[in-house]
Amino acid sequence: MERENQRESEEFDPSQSEEFLQNLEKAFETESEESNPITIEEPKTVWIEIKEDIPQKSEPSDESKEDKLKEKQEEEKIPLGDGLFPIEEEFRVDLSGIEDLEEEDSLSETEEFPPVSELHRKQREFNNIIIKRPNVNSSQENNIIIKYINSDPLEENEEEEEDKEEEEILQEITESLAETASSELEPPLKDSSSEEETTPKKKLPKFIVPLMAVAGSILLLCIFLFGTKSGQHLMISFAAKYAESRMNYDDGSNHEIQKVEDDVDITEEELENNPDITIIPEDQIQLGANEGEIRQEDEVINILLLGEEAIGSGSARGRTDLIIVATMNTKEKSFKLTSLMRDLLVEIPNHPDNKLNAAYQIGGIPLLYETIEHNFDLKIDGYCLVGFDDFESIIDLLGGIDISLTSAEANYLRKTNYISNPSNRNVKEGINHMNGNQALGYCRIRYVGTKTEINDFGRTQRHRIVLNTIFEKVKSLSYMAMFRLVNDCLPLITTDMKSSQITDYVEQALQIGLTEVENYRIPVEGTYEEGYVRRMAVLIPNIPKNVELLHEFIFGKEED
């Protein structure tokens, strides 16, 4: 009884419980005792963080917290053991000796304090434990930091006492220590900045990403096609191949020679009764063709624009009543139109002399090329041909054109069948917005002069007027409208040009930036004679002089 009373009077020292120390050692050791035997060295300090995910809530300031802790300790008077007392936010217990602990060992919030037996054994190896909680205002995780201060150890061979009453007291101490530490771990104030960071962002709809990818791809493609030379070449090449597939291709390889009649313009009776008519015998005609070499330059591209009149010819080829050489001179950066009058008397290779418009009817494109090269020493690079009906369709697709008529021209169109549809013959002097049928009738006028030209000279001038009007209207169209127009017109065109040629010509035209068109006519005034040959009204040109002037216009003046 005296011994029990003495035990009750004495304050219990956990360091005397071997089981307490053994449990404590097992809880905090990171390596086995075999690999890390306990040795006594100089005092050292290590820290272990025990991370706890405790719901956060507002916490009082440090000063109020410290006062609260002291008051709570005094009220509850929890026996923390020898050397255990509160310091600010810390709880210190006098234990002794352990080594080789990691400086920062984390214990999860689910780990409990070791059993009493282990705490008792640890008491023999440690002389101080400080349980510390960091500042509640910090943005770090809410941790319990246990600080071990190694000091003089107790003797290892001290006898162990196993007493149930002692274990119960130690158990109470352990539970009190845990409750005290947990009560102090109040959740810190919420940090709005961290809450914003952890708040999940709204996800974009699934279709947005592929849509943005497609839009970005289209943008990059447009930049490539319109902003780089390689892209422009690719785009033009694709357009040229598309145009080639839409147009009618005819290189003349299947053209057969046709027998044609002279296109007479006067009867025998008219010749006999009109003494002013000049009849020129064929044996007196010296055209002087092919006295020079055929001229061709890399900087000059010559394309024939042909209008075929096949009225009453059935399936046979008609005559090319419209013959214009369209020239692109990249050296001068110019675009030119030269009318070759259909009534020019020329030498047709291997055939009798005839009007220029008869060459196509006789032998097709190959014979027309050969005739132009033979008479004008000019190399042709390609052609585009439309029929009269197709010409009407092109004007209608363009939405019509504005043409100014003289009083004589308007009166002539109202009284003749040059405008084939009678309902379209309501033209007047001045500006007329003409459809395709009216524009074709205007181009065919031959016996009424313009303000500056008469007879067939006036007709070829009208051809150039219409082509210039078309050119100006096409320039004013938007890209989409121009594309639709070209796309609709392509099936109406026959050509011998391949996509590679078209690509090359379009690229050169873009580099020049064509804005104006120069006009010319062969034969040049003062270099021809009018008359009748085999009852055909013809223009007998001075071919060498016309060749000289034609080359000067197309290729430019030669430098001295």
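A residue is called buried when its relative accessible area is under 20%, and exposed when that area is over 50%. The exercises below concern a predicted model.

**Exercise 1.** Determine whether Asp377 and Asn350 are buried or exposed, and describe the backbone of each.

*Solution.*
- Step 1: Asp377 has a relative accessibility of 7%, so it counts as buried.
- Step 2: Asp377 is placed in the loop between α10 and β12. Its phi is positive, about 50°, although Asp377 is not a glycine.
- Step 3: Asn350 has a relative accessibility of 77% and therefore counts as exposed.
- Step 4: Asn350 belongs to the loop between β10 (345-346) and β11 (354-355). Asn350, not a glycine either, has a positive phi of about 65°.

**Exercise 2.** Classify the ring pair Tyr369 and Tyr383, and state which elements it ties together.

*Solution.*
- Step 1: The distance of the centres and the angle of the planes describe a pair of aromatic rings.
- Step 2: The structure holds five aromatic pairs. For Tyr369 and Tyr383, the ring centres are 6.4 Å apart and the planes stand at 75°, so this pair is edge-to-face. The cut-off for that class is an angle over 60 degrees.
- Step 3: Tyr369 is in helix α10 (residues 358-376) and Tyr383 in strand β12 (residues 382-387), so the pair ties together parts 14 residues apart in sequence.
- Step 4: Tyr369, at 14% relative accessibility, counts as buried. Tyr383 also counts as buried, at 1%.

**Exercise 3.** Classify the ring pair Tyr412 and Tyr418.

*Solution.*
- Step 1: The centres of the two rings, Tyr412 and Tyr418, are 5.3 Å apart.
- Step 2: The planes of Tyr412 and Tyr418 are at 70°, so the pair is edge-to-face.
- Step 3: Tyr418 has 16% relative accessibility and counts as buried.

**Exercise 4.** State which charged residues sit over the rings of Phe555 and Tyr249.

*Solution.*
- Step 1: Over the face of Phe555 lies Arg295, 4.2 Å from the ring centre.
- Step 2: Over the ring of Tyr249 sits the charged end of Lys498, 4.5 Å from the centre.

**Exercise 5.** Locate the cis peptide bond between Ile522 and Pro523.

*Solution.*
- Step 1: The bond from Ile522 to Pro523 is cis, and its omega is near 10°.
- Step 2: Pro523 lies in the loop between β16 (518-522) and β17 (528-533).

**Exercise 6.** Describe the nonpolar surface patch that includes Leu219.

*Solution.*
- Step 1: Leu219, Leu220 and Ile223 make a nonpolar surface patch of about 320 Å².
- Step 2: Leu219 is in helix α7 (residues 208-227).
- Step 3: With a relative accessibility of 52%, Leu219 counts as exposed.

Methods: Residues are numbered from 1 along each chain as its sequence is written. This is a predicted model: local features need pLDDT of at least 70, side-chain atom pairs count only at pLDDT 80 or more; totals for chains, interfaces and linings use all residues. Side-chain values use heavy atoms; hydrogens and water are left out. Patches are made of residues with over 30% relative accessible area and no salt bridge: like charges are joined within 9 Å, nonpolar side chains (Val, Leu, Ile, Met, Phe, Trp, Tyr) within 5 Å. Accessible areas come from the Shrake-Rupley method with a 1.4 Å probe; for residues, only the protein chains shown count as cover. A salt bridge is a side-chain nitrogen of Lys or Arg within 4 Å of a carboxyl oxygen of Asp or Glu. Helices (H or I, at least four residues) and strands (E, at least two) are DSSP runs, numbered from the N terminus. Buried means under 20% relative accessible area, exposed over 50%, partly exposed in between (1.4 Å probe, protein chains only). Rings of Phe, Tyr and Trp (its six-membered ring) pair if their centres lie within 6.5 Å; planes under 30 degrees apart count as stacked, over 60 as edge-to-face and the rest as tilted. A charge sits over a ring if NZ of Lys or CZ of Arg is within 6 Å of the ring centre and within 35 degrees of the ring normal.
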